[in-house]
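Here are a few notes to read alongside the model.

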Amino acid sequence: MKSTKKAAPVGQSECEEELSPYQQAMRNRLLAAAVMPAPEPWRHVGLAPVGGLLGIGFAPHPETGRDLVMVVSRDGHGLFDAVTGEKIARDRDPDLEDSTPDAVPDLSCPGLGPISGSRVHIAGLFGGGLHTTTADGWTLEVVVPAWPHERVLLSSDGGLPHRGAYGEQWWHIFHSNYSELRAAGFSPSGRTIAVATSSDVSLWTRGTDRRRAAADAWPKVPRS
């Protein structure tokens, strides 16, 4: 008897199901969404090159309460002000047992500068995660319609399937098509968005404190 079974498309295993029309339409919609700026009240602070970046974490400033972003890389630890982008502390030679978060069960590293004496949970290469929603309804998602390049979506409509209009209720704010994505998410306060790749960290902020004293130190590099 002649077999009528169709061969699987190239690159697709026989046990892998083809995308349904709905799934294909969703994929096409995501692929067609070009990178665009985040909407108000979000402001792009900028992008800071960090070679060999392993992960990032958040901590509040003990005096002002402002969001701080701790960056762990193969070259040490750094601490940034999330509102201005200013690097406020640097440790190029942390103790070996604390240099990477995988040395402890909770994936944390010791704080530095104004948060010395505390530990910061780090999300990135070794695992962990950041907040993906805020209390007032913002959502951040990582999607991969064209593997292996991740895209970071910000939305106010509850996330996928994004029934709202693109550019009105959801926005493609970052495309990791040049380095490996390490982590993406909100700070616990919901006032900061951070996206980290193996080569840099990008920040967005919102709120009433819009001081820009050091923001121009970060290059505004468009990513597509």
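Which side chain does D136 meet in a salt bridge?

1. D136 meets R206 there, at 2.7 Å from N to O. A salt bridge here means a side-chain nitrogen of Lys or Arg within 4 Å of a carboxyl oxygen of Asp or Glu. R206 counts as buried at 15% relative accessibility; buried is under 20% relative accessible area, exposed over 50%, and partly exposed in between (1.4 Å probe, protein chains only).

2. Please keep in mind that this is a predicted model: local features need pLDDT of at least 70, side-chain atom pairs count only at pLDDT 80 or more, and totals for chains, interfaces and linings use all residues. Residues are numbered from 1 along each chain as its sequence is written, and side-chain values use heavy atoms, without hydrogens or water.

3. The salt-bridge count comes to four. Among them is D81 with R66, whose closest N and O atoms are 2.9 Å apart. Both D81 and R66 are buried.

4. R182 and E180 also form a salt bridge, at 3.0 Å from N to O. Here R182 is buried, with a relative accessible area of 16%, while E180 is exposed at 51%.

5. Now for the strands, which are DSSP runs of E of at least two residues, numbered from the N terminus. β9 (residues 139–146) and β10 (residues 149–155) pair in the antiparallel sense over six bridges; pairing requires at least two DSSP bridges. A hairpin of two residues joins β9 to β10, and V142 stands opposite V152 in β10.

Definitions and conventions: Helices (H or I, at least four residues) and strands (E, at least two) are DSSP runs, numbered from the N terminus.
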